[in-house]
Amino acid sequence: MKPTIYVKTKNVYGRDLVYPSCEDSHKFAKLLGVKTFNSHQITMIQELGYIVEEDYNIGARLASHTKLINSIVRG
């Protein structure tokens with residue numbers, strides 16, 4: 001079973017940004033020196049063997065936010 005990290009997507013000033021949402025994703029962000037992840041960083045995390053999933057426990061998301069994560073995850 002692959003390890004999973006959780007992220008949350010927020011629309012900030014018309015831009016969809018991907019934020020860390022669990023302890024491991026916060027560690028990745030700290031390691032990278034960022035507050036949000038871009039698509040390249042998500043891809044690299046996946047290449048390290050992690051599954052990246054949207055954290056639905058923090059509230060409802062707009063459909064566009066889910067589409068962003070799915071497009072990054074599915075490439």
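**Fold and aromatic contacts of a predicted chain**

Read from the N terminus, the elements of the chain follow the order β-β-α-α-β-α. The model is predicted, and its secondary structure amounts to three helices and three strands.

The chain has 75 residues, of which 32% are buried. Its accessible surface is about 5100 Å², and carbon and sulfur atoms account for 54% of that area. As for contacts between residues at least 6 apart in sequence, 47% connect residues at least 24 apart.

Turning to the side chains, the structure contains one aromatic pair. The partners are Phe-28 and Tyr-50, whose ring centres are 5.0 Å apart and whose planes stand at 90°, so the pair is edge-to-face; the cut-off for that class is an angle over 60 degrees. Phe-28 belongs to helix H1 (residues 23-32), whereas Tyr-50 sits in the loop between helix H2 (39-47) and strand E3 (51-54).

A second ring contact involves a charge. Which residue lies over the face of Tyr-19? That residue is Lys-10, placed at 5.1 Å from the ring centre of Tyr-19.

Conventions
Residues numbered from 1 in each chain as written. Predicted model: local features only at pLDDT ≥ 70, side-chain atom pairs only at ≥ 80, totals over all residues. Heavy atoms only, no water. Phe/Tyr/Trp six-rings, centres within 6.5 Å; stacked < 30°, edge-to-face > 60°. Helix = DSSP H or I, 4+ residues; strand = E, 2+ residues; numbered from the N terminus. Lys NZ or Arg CZ within 6 Å of the ring centre and 35° of its normal. Buried < 20%, exposed > 50% of the residue type's maximum accessible area, 1.4 Å probe, protein only. Contact = heavy atoms within 4.5 Å. Areas by Shrake-Rupley, 256 points an atom, 1.4 Å probe, with all protein chains shown as cover.
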